[in-house]
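The tour goes stop by stop, with a selection at each.

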Amino acid sequence: MSVQRFTFRTLLALGSLSLFACQSAPQTPMSFAPGGFLNPRAIYQGQSSGPVASADWYAQLSPELQQYYAEARGKTGTALFETLHQIVSRNNRIDDYGPAKGYIYAVAENGPYGPNGETGLIPSYSTNIFVAGSGGDGNRYRERGDANHDGQSGDFINCEHTWPQSFFNKQPQQRADMHHLMATFTYPNNRRGHLPFGTAAEGQVAYQTSSGSKLILRDRPLSYSTAPQFLPATADSEEFEAQNVDGVFEPNDNFKGNIARATLYFYLRWHRTNIRSGDYDARDYWIQRVPMFQTWSQLDAPDAREQRRNDLIFQKQGNRNPFIDIPNLASLIGVETLQGIEAQIAGVR
Ligand SMILES: [Ca+2]
Ligand SMILES: [Ca+2]
């Protein structure tokens, strides 16, 4: 049993979340990135038993972030979740979808990331390769050969919606919220479709990139041996989803935290809207997987590229992803809190 879980349950029994303030802060000294933003990696160093949620999280933030999150100061649990929901829902300048994904390609994820400082993208799900390019047209970012070794050559960049579009009927605000949009090659994007995120422990690997992102088929409806015939390279995501593949998609290890924080953000921002259409399954997609997202977010802490992306989206869209800014935020809110909110809204246990 984790320290966080024990603490949360104990506090539930006491009926007081405010006692979280009595928790001691991590003993590791804080350090700050050059831009003044918190460097979350510093907090995780030297802790053999894993990160511990600190109720003193606010004091660890840079002055800029303290200003942004001022109303959430001293809060944990449901109160923290609700206050952060209000903060991130404010001052939104969500663009149309076309310009929004163009900004992801051209600005938010574009930087001097090439081996010799060339500018371009590190594609989601294929994060061991670099794609040179500029501008907002994904067709201009071309894979060299089959650089990510997934069987498809000359792929190009399109836009992954971390929370699948079919779950929110492509409503324009949710569709263009850049915090959950990711530049990715079309092939891994289509293989993911609208499947839950998970791990290879849940079935058999049917597809993978050389960075380690995987499509894992579960027990129906396709036999594993015939699966490749049902996953044509030319299939778009809707055709692929029509195959009714039952599986999960595992992001590669150094992208697991990014996916977790984007998913947690999307839930925080949009949980009260219709994001549960189509094949959405509250238990399988979200409730049972909140502990996994918490773990992923801890194991793959935000790096400078993800923090820069958050800053650039903030400049354009007007709101931030607090799961990138506040270390171990999922634990501060509490896994059981996040699960309970969805169980209530979706009417499941
Ligand atoms: Ca490829
Ligand atoms: Ca990462």
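**Stop 1: a loop lysine.** Select lysine 170, in the loop between β3 (157-161) and α6 (172-175). Helices (H or I, at least four residues) and strands (E, at least two) are DSSP runs, numbered from the N terminus. Check the backbone: lysine 170 has a positive phi of about 55°, although it is not a glycine. Most residues other than glycine have a negative phi. Lysine 170 counts as partly exposed because it has 13 C-beta neighbours inside 10 Å. The cut-offs: buried takes 20 or more other C-beta atoms within 10 Å of a residue's own, exposed 12 or fewer, partly exposed lies in between, and C-beta atoms are placed from the backbone.

**Ground rules.** This is a predicted model, in which local features need pLDDT of at least 70 and side-chain atom pairs count only at pLDDT 80 or more, while totals for chains, interfaces and linings use all residues. Residues are numbered from 1 along each chain as its sequence is written, and chains are lettered from A and ligands numbered from 1 in the order in which they are written.

Stop 2: Move to tyrosine 125, in the loop between β1 (120-121) and β2 (131-132). Its phi is near 70°, again positive in a residue other than glycine. Is tyrosine 125 buried or exposed? Tyrosine 125 is buried, because 27 other C-beta atoms lie within 10 Å.

**Stop 3: confidence.** Colour by pLDDT, the predictor's confidence in each residue, from 0 to 100. The protein averages 83, and 77% of the residues score at least 70. Now select residues 1-51: pLDDT is below 50 there, and the stretch has 66 contacts in the model beyond near neighbours in sequence. A contact means two C-beta atoms, placed from the backbone, within 7 Å. Residues 221-236 also stay under 50, with 22 contacts beyond four places in sequence.

**Stop 4: the whole chain.** Show the cartoon. Count 15 helices and seven strands. Of the 349 residues, 45% count as buried. Among contacts between residues at least 6 apart in sequence, 70% join residues at least 24 apart.

**Stop 5: the cores.** A nonpolar core is a set of buried Ala, Val, Leu, Ile, Met, Phe, Trp, Tyr and Cys residues joined through C-beta atoms within 7 Å. Select Leu264, Leu268, Phe323, Ala330 and Ile333: of the 39 residues in the largest core, these touch the most other members. Among the elements giving two or more residues to this core are α4 (77-88), α9 (253-270) and α15 (335-346). α9 gives the most, with 10 residues. Zoom in on leucine 268. Leaving aside neighbours within four places in sequence, leucine 268 is in contact with Phe81, Leu84, His85 and Val88. A second, separate core has 19 residues, including Ala108, Cys159, Met182 and Tyr187.

**Stop 6: a buried arginine.** Pick arginine 309, in helix α12 (residues 304-317). It counts as buried because it has 24 C-beta neighbours inside 10 Å. Beyond four places in sequence, arginine 309 touches Ala108 and Glu109. Draw a C-alpha to C-alpha distance to methionine 178: 9.7 Å, across 131 residues of sequence.

**Stop 7: the sheet.** Finish on the open, antiparallel sheet, with three strands in the order β5-β6-β7. β5 (204-208) and β7 (247-250) stand at the edges with a single partner strand each, so one side of each has no neighbour in the sheet. Strands pair if DSSP finds at least two bridges between them. Four bridges join β6 (residues 214-217) to β7. Isoleucine 216 stands opposite valine 248 in β7.
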